[in-house]
Amino acid sequence: MNAESDEPARRRLTRAEAKARTRALLLDAAARVFARKGFTGASVEEIAEAAGFSIGALYSNFGSKEALFLELLADRQTDRIAEAAQMLERHPSGTGEAAAELGRLLIDVADKDTDFAPLQAEFWLYAVRNPAVLETMAANLRTPRSALQQVISTSLAQQDAPAEVSAEAVATVVAALFTGLVRQRRIDPASVPEALFGDALKWLFAGINASGAAPSGSE
């Protein structure tokens with residue numbers, strides 16, 4: 001008997017599956033090329049070649065280098081927010097334990113994912129100088145921001161925060177705090193110890209609960 005006949009036939013990918021696989025490979029290649037050359041230094045030719053596809057395949061999936069980077073950025077943020085949500089689910093009533101895990105998440109991002117924070121800073125400078133790109137960036141990041149807002153909303157409910165407190169406003173502050181502390185950790189590691197982010201979140205929520213007032217601009 002032919003040994004090959006015992007092997008199940010490889011299932012042909014559907015069009016949607018093939019497209020998803022292509023996009024995933026392009027994103028993975030883009031992460032490597034951007035990390036090595038920066039946003040402006042990386043070319044679509046290099047990214048397509050690293051992924052094993054034509055430039056046409058890259059453009060048909062993402063439209064531009066900017067769109068490719070923005071999807072990569074949104075994916076990273078979504079993954080981090082999902083991690084944070086899982087931590088909060090593991091410790092629904094233990095704010096100390098949740099804060100400690102969130103602090104370790106920030107340290108991991110700052111110390112291990114060392115290529116991406118500079119890329120974010122580089123792209124931010126690029127976007128603020130190109131208004132059309134800035135608008136696209138804002139639109140692209142609404143999905144992960146909405147996910148963070150949902151996590152914050154759940155946390156506020158668990159802590160009996162005043163009903164008028166805006167989860168959207170708090171999510172904006174938390175995201176800015178995370179980004180800022182990651183960058184500060186890269187500059188001066190000793191100034192951002194592991195516990196700082198978790199402590200800052202406890203201070204934030206304690207202040208919200210103590211004040212009973214909605215954040216400025218939430219109405």
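**Exercise 1. Work out the make-up of the largest pocket's lining, then find where that lining comes from.**

*Solution.* Start with the classes: the lining of the largest pocket has 30 nonpolar, nine polar and five charged residues. Keep in mind as you go that this is a predicted model.

Next, look at the pocket itself. Its volume is about 1,200 Å³. It is lined by 44 residues, and those closest to its centre are Leu 148, Val 174, Ala 175, Ala 176 and Phe 178.

Now ask which helices take part. At least two lining residues come from each of helix 5 (65-90), helix 6 (95-112), helix 7, helix 8 (131-140), helix 9 (142-158), helix 10 (167-187) and helix 11 (196-211). Helix 10 gives the largest share, with nine residues.

**Exercise 2. Decide how helix 2 and helix 7 are oriented to each other, and list the residues where they touch.**

*Solution.* Begin with the geometry. The axes of helix 2 (residues 15-41) and helix 7 (residues 116-128) come within 9 Å, crossing at roughly 15 degrees. Angles under 35 degrees count as roughly parallel, so helix 2 and helix 7 are roughly parallel to each other. Their crossing is left-handed.

Then move to the residues. Helix 2 brings Phe 34, Ala 35, Gly 38, Phe 39 and Thr 40 to the contact, and helix 7 brings Leu 119, Glu 122, Phe 123 and Tyr 126. Sorted by class, this contact of helix 2 with helix 7 has six nonpolar, two polar and one charged residues.

**Exercise 3. Describe the packing of helix 2 against helix 3.**

*Solution.* Take the axes first: those of helix 2 and helix 3 (residues 44-51) come within 8 Å and cross at roughly 145 degrees. The crossing is right-handed.

On the helix 2 side, the contact is made by Leu 25, Leu 26, Ala 29, Ala 30, Arg 32, Val 33, Phe 34, Lys 37 and Gly 41. On the helix 3 side, you will find Glu 46, Ile 47, Ala 48, Ala 50 and Ala 51. The residues of this contact divide into ten nonpolar, one polar and three charged.

**Exercise 4. Find the orientation of helix 7 and helix 8, and the classes of the residues between them.**

*Solution.* These two helices pack at an angle of about 125 degrees, and their axes are 6 Å apart. Helix 7 and helix 8 are therefore oblique to each other.

Helix 7 makes the contact through Phe 123, Tyr 126, Ala 127 and Val 128, while helix 8 uses Pro 131, Val 133, Leu 134 and Met 137. To finish, count by class: the contact of helix 7 with helix 8 has eight nonpolar residues, no polar and no charged ones.

Note on methods:
Residues numbered from 1 in each chain as written. Predicted model: local features only at pLDDT ≥ 70, side-chain atom pairs only at ≥ 80, totals over all residues. Heavy atoms only, no water. Axes fitted to C-alpha atoms, helices over the stretch in contact; angles between N-to-C directions. Helix = DSSP H or I, 4+ residues; strand = E, 2+ residues; numbered from the N terminus. Parallel < 35°, antiparallel > 145°, perpendicular 65-115°, else oblique. Left-handed = near helix turned anticlockwise from the far one by under 90°. Contact = heavy atoms within 4.5 Å. Nonpolar A, V, L, I, M, F, W, Y, C, P; charged D, E, K, R; others polar. 1 Å grid on protein atoms, 1.4 Å probe; cavity = no way out; pocket = protein on both sides within 12 Å on 5 of 7 lines; lining within 4 Å. Points joined across faces, edges and corners; volume = space filled by probe spheres on them.
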